[in-house]
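Hi,

Here is the structure I promised to pass on. Have a look at it first, and my notes follow below.

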Amino acid sequence: MGPKSERVYRTIREWISTGKYPPGVKIPSERTLSEDLDIGRTQLRQVLAKLIAEGAIEVHGRSSYRVPDRAVTVQAPADLEPWQIHGERTIYDNRWVKLELVDVEPPGVERFEHHVVRLHHVAIAAVLDDRDRVLMLWRYRFVPQSFGWELPGGIVDAGEDPAATALREVEEETGWRPDALEHVITYQPMVGMVDSPHEIYVGRGAKHVGEPTDLEEAGHVAWVPLADIPGLMAQGKLMGSGTLVALLQVLASRAAGKSSTTAA
């Protein structure tokens, strides 16, 4: 896409992410968007097609679009009680990991001490280009003693915005500076025993600004086709839960976009 189309793409994306057009709401007509955003209908339709492919909008009727309704219908039970926490004590603590014993009491069960590992807050980014490729690193990880593909990401510094972390880590580890990133999900990788919030960001477009500066975390940098991701996943070549969660979200959004287009 050209500069004008890219500007319009990012504007509509921002309108959706900031809630100007919430889930289930129709966005303005092509005619209105064309006039308000100063873009021709042909270019606008290319932008809308890209947003549909990403699952950001869906076709609704004839020449009409809306933000997908992500509402859920399942109801969580309201009569369950949380565990009681009576106290905790630290077994081990350094700058990377903290091990605690937490005195807990589940409903109807005798209280006991539960191990809890507290790790850092982490931000990870999936950056895509206009050829449907994702920016990745081929790395060696000594814990599983294997090579694999990973997305760039790292620890959120104290007081730092996770979005700033994601942007910084992409540039430091790959030498590419993302145009923008959008938060898509926060999750815990091992919710039963490990406390380490992972923030996942997705964005399109990046500018090459130089060589990676974080040599400890850098690896072989490559733009990997999204079409290769299911095969790499089946081969066990994608490493880390953050990489898997982010790429599954990207693939799910694309599938949802294609599905809504087919249904229309």
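**Salt bridges**

The count comes to 25 salt bridges, taking a salt bridge as a side-chain nitrogen of Lys or Arg within 4 Å of a carboxyl oxygen of Asp or Glu. Before the details, some housekeeping: this is a predicted model, where local features need pLDDT of at least 70 and side-chain atom pairs count only at pLDDT 80 or more, while totals for chains, interfaces and linings use all residues. Residues are numbered from 1 along each chain as its sequence is written, and side-chain values use heavy atoms, with hydrogens and water left out.

Start with Glu6 and Arg10, which form a salt bridge with their closest N and O atoms 2.6 Å apart. Both sit in helix α1 (residues 3-17), four residues apart, or about one turn of the helix. Helices here are DSSP runs of H or I with at least four residues, strands are runs of E with at least two, and both are numbered from the N terminus. Arg10 counts as partly exposed because its relative accessibility is 24%; the scheme is buried under 20% relative accessible area, exposed over 50% and partly exposed in between, with a 1.4 Å probe and protein chains only.

Next, Glu54 and Arg13 meet through their side chains in a salt bridge of 2.7 Å, N to O. This pair links distant parts of the chain, 41 residues apart: Glu54 is in the loop between α3 (41-53) and β1 (58-59), and Arg13 is in helix α1. At 9% relative accessibility, Glu54 counts as buried. Arg13 and Glu54 also belong to a network of salt bridges with Asp132, Glu182 and Arg204.

Arg118 is partly exposed at 27% relative accessibility, and Glu88 is partly exposed at 47%.

The largest pocket holds about 1,400 Å³ of space. Of its 36 lining residues, Val122, Arg141, Glu150, Ile155 and Glu217 are the closest to the centre. Two or more lining residues come from each of β6 (122-128), β7 (133-141), β9 (153-155), α4 (162-174) and α6 (241-263). By class, that lining has 17 nonpolar, nine polar and 10 charged residues. Here Ala, Val, Leu, Ile, Met, Phe, Trp, Tyr, Cys and Pro count as nonpolar, Asp, Glu, Lys and Arg as charged, and the others, Gly among them, as polar.

For the second largest pocket the volume is about 710 Å³. It has 28 lining residues, and those closest to its centre are Arg13, Ala56, Glu182, Val184 and Gln249. Arg13 and Glu182 are also members of the salt-bridge network above. Helix α1 gives the largest share of this lining, six residues, and α1, β11 (182-187), β13 (198-204) and α6 each supply at least two. The lining divides into 14 nonpolar, six polar and eight charged residues.

On method, a pocket is an open set of points on a 1 Å grid over the protein atoms alone where a 1.4 Å probe fits, with protein on both sides within 12 Å along at least five of seven lines, and lining residues have an atom within 4 Å of a point. Grid points are joined across faces, edges and corners, and a volume is the space filled by probe spheres set on the points.

**One more residue**

His220 is in strand β15 (residues 220-225). Leaving out residues up to four places away in sequence, His220 touches Met136, Leu137, Trp138 and Trp149, with contact meaning heavy atoms within 4.5 Å. His220 and Trp149 are 71 residues apart in sequence and 9.2 Å apart in space, C-alpha to C-alpha.

Cheers
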